[in-house]
Amino acid sequence: MTVLLFGVTRDIVGSGSLEIPASEAKGLKTVEDLKTHLKKGYPGLKDLSSLAIAVNQSYASEGDPIQDTDEIALIPPVSGG
Amino acid sequence: MNLNRYDRQIRLTGFGTRGQELLGNARILVVGAGGLGVPVCQYLNAMGVGTLGIVDGDSIEESNLHRQPAYGPSDNGQAKISVLGRKLKEQNPGTNIELHQTFLEPSNAMALLENYDLVVDATDRIPTRYLLDDACVIRRIPWIYGALHGFEGQLSVFNYQGGPTYRCLFPQIPKPGEIPDCNQLGTLGVLPGVIGSLQALEAVKVICGLGEILSGKLLLFNALDHQSRQVCFQKDISQEIRKIRDDSHYSAGLCDTGGGIPMVDYLKLNEAGKSHLLVDVREPEEFNAYHLPHAVNFPLMELEKNLTEMDKSAEVYLICHSGSRSAQAYRKLEGKLQSASLKWIQGGVRDLQAETS
């Protein structure tokens with residue numbers, strides 16, 4: 001599973017994308033599972049109360065199912081102008 | 001209309017005289033005259049928008065110049081809106097320029113948006129975007145969103161023909177300090193130029209009915225590898241809004257104004273000679289450009305190194321540019337000072353500069 005990171009999530013993780021190995025991705029059934037999994041590895045993500053998630057370039061809700069072949073994007077609001 | 005001026009645009013198949021007329025009849029409001037606002041205004045003005053309104057209460061600082069190329073060193077300290085307004089009039093005397101020298105606030109948003117067909121967001125604060133979203137939904141006008149983070153940009157058209165809005169994408173207002181701003185992160189001068197130009201493009205497309213509007217789609221642009229991605233999103237009817245909410249909903253403190261005091265109250269107690277330490281948590285360059293004479297500069301990232309110094313005073317007040325970093329500093333320091341009592345100042349030096357200019 002590929003996770004693309006935008007805005008402050010890129011800064012927190014320290015990279016523009018993450019690859020979750022199939023063995024780990026197997027246990028992740030929903031967007032919410034993935035969020036919980038990522039927050040364990042990157043506690044800085046816990047501070048984000050406003051974070052949009054896209055699965056295969058479509059906006060997704062917490063309960064939406066995910067598969068290990070999906071491309072997920074973490075999109076926080078960004079502030080600058 | 002001066003057809004000669006717009007000849008190359010009118011020649012363009014798909015735009016033509018009709019496009020030029022639609023543009024000439026349009027009334028567009030640009031909120032913000034900074035990094036995004038400058039290119040948005042310059043292009044819309046050059047291309048022949050009939051009425052161009054601009055809202056901004058800020059004044060020009062030296063650290064703005066690298067990304068706001070309409071301004072030069074001799075403009076430092078002047079209101080952005082007066083300098084930009086003057087330049088736009090020179091650039092295209094045919095445009096009706098309307099200048100609103102104020103920040104967008106819950107109390108003035110509805111009135112400012114009246115009589116405009118379209119709004120372009122060129123602000124640099126997330127809470128202001130929620131306010132803009134609400135006001136545009138109530139007034140039933142589309143708005144062009146643009147925002148920056150490091151080498152990235154976001155772009156979308158919200159509330160287009162009743163389509164999805166900012167709240168559909170980000171239902172929850174982030175807490176203060178959660179998302180860093182350009183003052184903390186820095187920005188490469190040209191990036192607001194890129195995103196601002198794309199915003200001007202979407203504005204013209206909406207007005208003239210050209211091509212495919214970026215509605216229900218968020219464009220994510222990365223300047224370092226030129227990757228652009230689009231994410232589709234739907235309207236979320238649970239986010240519908242009928243009236244502007246209270247100030248506290250949009251204020252920098254949002255739901256969490258704990259430990260904050262309004263700027264006016266701080267100024268009163270300072271004037272009364274109350275003994276305290278004022279800690280300015282902005283970066284040294286910002287501090288050097290302007291600060292209250294009695295302030296000390298402990299940048300946000302170095303606060304923890306200065307705990308002992310702060311504890312020497314009975315009362316510590318935190319200040320920054322707009323109130324977002326001082327609130328963040330407050331949360332960082334909460335419970336860490338031994339004896340000093342702690343407060344953060346709502347608003348920031350931005351408001352002081354606006355008052356004195």
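I began with helix α6 of chain B, residues 126-139, in what is a predicted model. I noted that this helix has 14 residues and reaches 20 Å from its first C-alpha to its last, which is close to the 20 Å expected at 1.5 Å a residue.

Next I looked up how far α6(B) is covered, and I found that 11 of its 14 residues are buried, where buried stands for under 20% relative accessible area. I listed the buried residues by name: B:Ile126, B:Pro127, B:Thr128, B:Arg129, B:Tyr130, B:Leu131, B:Leu132, B:Asp133, B:Asp134, B:Ala135 and B:Cys136. I then checked the residue that follows, and just after α6(B) I found B:Arg140 with a positive phi of about 60 degrees.

From the helix I turned to the chain as a whole, and I counted 15 helices and 13 strands in chain B. Of its 357 residues, 57% count as buried. I also looked at the contacts between residues at least 6 apart in sequence, and of these 69% join residues at least 24 apart.

For the overall dimensions, I noted that the C-alpha trace of chain B spans about 70 × 50 × 40 Å along its principal axes. I compared the radius of gyration of chain B, 21 Å, with the value for a compact globule of 357 residues, which would be near 21 Å, so the two agree.

I recorded an accessible surface of about 15300 Å² for chain B, of which 49% belongs to carbon and sulfur atoms. I also recorded 34 positive and 41 negative side chains in chain B, with the centres of the two sets 4 Å apart.

Key
Residues are numbered from 1 along each chain as its sequence is written. Chains are lettered from A and ligands numbered from 1 in the order in which they are written. This is a predicted model: local features need pLDDT of at least 70, side-chain atom pairs count only at pLDDT 80 or more; totals for chains, interfaces and linings use all residues. Side-chain values use heavy atoms; hydrogens and water are left out. Helices (H or I, at least four residues) and strands (E, at least two) are DSSP runs, numbered from the N terminus. The radius of gyration is taken over C-alpha atoms; the globule rule is 2.2 Å times the number of residues to the power 0.38. Buried means under 20% relative accessible area, exposed over 50%, partly exposed in between (1.4 Å probe, protein chains only). Contact means heavy atoms within 4.5 Å. Accessible areas come from the Shrake-Rupley method with a 1.4 Å probe; for residues, only the protein chains shown count as cover. Lys and Arg count as positive and Asp and Glu as negative; His and the chain ends are not counted. The place of a charge is taken as NZ of Lys, CZ of Arg, CG of Asp or CD of Glu. The expected span of a helix is 1.5 Å times one less than its number of residues.
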